[in-house]
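Me: I would like to learn how to read the packing of side chains in a protein model. Could we go through one together?

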Amino acid sequence: MMDLFSSEYNTDRIALPLRDAEIYYYPNFLNTETASTYFEILQQQTDWQQDPITLFGKTYLQPRLTALYAINDKPYSYSGIRMFPKPMTPTLLTIKDKIETVSEVKFTTALLNLYRNGKDSNGWHSDDEKELGKNPVIASISLGVARRFKLRH
């Protein structure tokens, strides 16, 4: 049985060249077994929701499932959706600790996205919500199958 609370993760990083941003990619942050275990736990134990979103005057269900967790009770809003966090789970706290150790940044909130298939997505966005501050630090961790993660200026 794997110890999910061990501190074994890879901190080798690659700086990505993107104008006006500091972006570091850790391609092997978690080994495959650990990442798969986290994915299974989060997929099964997360209270997923699918909120409606209005684009160009038409309302659709978001093309993914989401969940918000935090160490506080501050709501988070984006694209007209207001989410209220649930308390962080032990698994999320463990992942948060690993990320904070490598990044040397403290995080309070986790927005989880579950892409159920190749049709689920997340459109272009800028993470510029007021509550994130002027120059927000965002940590993103991907678990499950490989997906494209596109960035643009």
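Me: Which residues does Leu 92 touch, not counting residues up to four places away in sequence?

Reply: This is a predicted model, in which local features need pLDDT of at least 70 and side-chain atom pairs count only at pLDDT 80 or more, while totals for chains, interfaces and linings use all residues. Residues are numbered from 1 along each chain as its sequence is written, and side-chain values use heavy atoms, with hydrogens and water left out. Contact means heavy atoms within 4.5 Å, and Leu 92 touches Leu 42, Tyr 69 and Leu 112.

Me: Which residues touch the most other members of the largest nonpolar core?

Reply: A nonpolar core is a set of buried Ala, Val, Leu, Ile, Met, Phe, Trp, Tyr and Cys residues joined through side-chain atoms within 4.5 Å, where buried means under 20% relative accessible area, exposed over 50% and partly exposed in between (1.4 Å probe, protein chains only). Here the largest core has 18 residues, and Trp 48, Tyr 69, Leu 92 and Leu 112 touch the most other members.

Me: How many aromatic pairs does the structure hold?

Reply: Rings of Phe, Tyr and Trp (its six-membered ring) pair if their centres lie within 6.5 Å, and planes under 30 degrees apart count as stacked, over 60 as edge-to-face and the rest as tilted. The structure holds two such pairs. The rings of Tyr 26 and Phe 29 have centres 6.2 Å apart and planes at 70°, so this pair is edge-to-face. Tyr 76 and Tyr 78 form a tilted pair, with 5.8 Å centre to centre and 35° between the planes.

Me: Are Tyr 76 and Tyr 78 buried or exposed?

Reply: Both Tyr 76 and Tyr 78 are buried.
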